[in-house]
Amino acid sequence: MSNLLTWKEVPKGAFLEKPGNAADYETGDWRSIKPVWIAENCIQCFRCWVYCPDAAIMTKDKKMIGIDYKHCKGCGICANECPAKPKALEMINESDSGDN
Amino acid sequence: MQEKIALTGNEAMALAMKQINPDVVAAYPITPATEIVQIFSDYVSNGLVKTEFVTVESEHSAMSATLGASASGVRAMTATSSQGLAFMWEVLYIAASYQLPIVMPVVNRALSGPINIHGDHSDTMGARDSGWLQIYSENTQEAYDNLIQAVRIAEHPDVLLPTMVMMDGFIISHAMENLEILSDQDVQKFVGEFKHHRPALLDLDNPITVGPLALYDYYMEFKRQQAEAMRTCKPVILQVAQEYAELTGRKYGLYEGYKLDDADLAIVVLSSTAGTAKVVVDELREQGVKAGLLKLRVFRPFPYEELAQALSGRKAIAVLDRADGFSAFGGALFNEIRSAMYDVKDRPLIVDYIFGLGGRDVNLDHIRKVYADLAEIAKTGQAAQLVSYLGVRE
Ligand code: SF4
Ligand code: SF4
């Protein structure tokens, strides 16, 4: 919690001078299961990107490059929709992930 | 230059609003506050104010529109009473948490049920912890003066909190009294131009977010900050009162002590009943009884240190609550006064009287009885009853 603002630092009346700052608001810690991307299986169809109800599929140069775990809620929709065989997205338990 | 005229409380509030000349007023009528915005809407139609007047379909909308206007960076006001205030409830808290300097006259009236249109304090006492400043007025003059001062207090950069200014329904709102009024120019000069102390919603070049989500990681910091704003506004209230006294000769504080300094027996009360009690204090003083009165003007922020100091040294105190708390332990004013007195050395006995509910008359005999009870309490060192009802049929 060390990078969070104190009560003396938060903007008065919660008037936020930097709008659209949801990207800075880390909401990934609600998750109990998480998608793991297996790059070699990925066919770059972007279905996960289309279906993700958050904006947690990361892309670069028109390529899917992984999951934004700071915002992914672990809903599993991406893994469900992934058409690759074998799947390029697999859901695992957070407790088994060994990180985060 | 001041002029002496006769006005009802509602007329005086409407006149003060005209002289403040707010940018936006969004309002919905409710007895006994209807006249305030009705008279004000005449000023709007006759071009006497620059105000954008928004007629809305409910008090919830009135407060929402006022909130939106205030957040957009202009001076915004509304007025209400009783059920209207209750219907604003949800938005009252939001206005306070956004720290918007909305100023609102509230004409105190009982809450339903049974349905009642007359004066008691159950409406604003219910809103006492909504985060608004609360200033209570004894008479028409005070209602007028308090409303003008409230604009300066609410908009002060150290405060930026919404403020409600009260007067008793019908007793003051519909009774005609003499008062001294300022010229429009003097009021305009006193309240000054509305200043932006932070970004506003309608600044398109610098977009902002108002009303964000803040969960367990931020909500508490915002609430702590809001509480601090309430804690730090006492000096501002006193500074504004000082400047107002220089302009008008009328002095205001956080409370008014009436023959209190050497009093043995003291009553603590809000609003118009203080006027009745002063008559009894004078009467008792003539008989050699050391009676005194504390009329609380600023209930929020609650000036507990000042009250403890003013009330220490009394032998017995009666708090008069014009709203029941249904806590089984008296009204809100009683609870807070008793709490404030806990740290006082040799603290006096303090009792509570619930009175005047739904406009029930409180007359000189009622107040005489309270002082007689206090004399007995001071003599015996004990109170027969901590909380009792004044003027109810037993
Ligand atoms: S699990 Fe849900 S939230 Fe996370 S990346 Fe997949 S679709 Fe998006
Ligand atoms: S849905 Fe599966 S295959 Fe398609 S881009 Fe996402 S991870 Fe790759």
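Q: What does "buried" mean when it is applied to a residue?
A: A residue is buried when its relative accessible area is under 20%. Keep in mind that this is a predicted model.

Q: How many of the 394 residues of chain B count as buried, as a percentage?
A: The share is 56%.

Q: Why does B:Glu155 count as buried?
A: Its relative accessibility is 11%. The cut-off is under 20%. B:Glu155 falls below that limit, so it counts as buried.

Q: Where in chain B does B:Glu155 lie, and which residues is it in contact with beyond its neighbours within four places in sequence?
A: B:Glu155 lies in helix H6, which covers residues 140–155 of chain B. Beyond those neighbours, its contacts are B:Arg75, B:Pro101, B:Leu160, B:Phe194 and B:His197.

Q: What helices and strands does chain B have?
A: Chain B has 13 helices and 15 strands.

Q: Why is chain B called as compact as a globular protein of its length?
A: Its radius of gyration is 21 Å. The globule rule gives 21 Å for 394 residues. The two values are close, so chain B is as compact as a globular protein of that length. Along the principal axes, its C-alpha atoms fill a box of roughly 70 × 55 × 45 Å.

Q: What percentage of the contacts in chain B between residues at least 6 apart in sequence join residues at least 24 apart?
A: That percentage is 81%.

Q: What makes a space in the structure a cavity, and how many are there of 30 Å³ or more?
A: A 1.4 Å probe fits in a cavity but cannot get out. The structure holds three cavities of 30 Å³ or more.

Q: What is the volume of the largest cavity, and which residues are closest to its centre?
A: The volume is about 130 Å³. Of its 15 lining residues, the closest to the centre are B:Ser70, B:Pro101, B:Phe194, B:His197 and B:Arg198. By class, the lining has eight nonpolar, four polar and three charged residues.

Q: What lines the second largest cavity?
A: This cavity has a volume of about 80 Å³. Of its 14 lining residues, A:Cys42, A:Cys45, A:Cys48, A:Cys82 and A:Ala88 are the closest to its centre. Twelve lining residues are nonpolar, one is polar and one is charged. Cys and Ala both count as nonpolar.

Q: Which residues are around ligand 1?
A: Among them are A:Cys52, A:Cys72, A:Cys75 and A:Cys78. By class, the shell has eight nonpolar, two polar and one charged residues.

Terms used
Residues are numbered from 1 along each chain as its sequence is written. Chains are lettered from A and ligands numbered from 1 in the order in which they are written. This is a predicted model: local features need pLDDT of at least 70, side-chain atom pairs count only at pLDDT 80 or more; totals for chains, interfaces and linings use all residues. Side-chain values use heavy atoms; hydrogens and water are left out. On a 1 Å grid over the protein atoms alone, a cavity is a set of points where a 1.4 Å probe fits but cannot get out, and a pocket is an open set with protein on both sides within 12 Å along at least five of seven lines; lining residues have an atom within 4 Å of a point. Grid points are joined across faces, edges and corners, and a volume is the space filled by probe spheres set on the points. A residue is near a molecule or strand if one of its heavy atoms lies within 4 Å of it. Helices (H or I, at least four residues) and strands (E, at least two) are DSSP runs, numbered from the N terminus. The radius of gyration is taken over C-alpha atoms; the globule rule is 2.2 Å times the number of residues to the power 0.38. Buried means under 20% relative accessible area, exposed over 50%, partly exposed in between (1.4 Å probe, protein chains only). Contact means heavy atoms within 4.5 Å.
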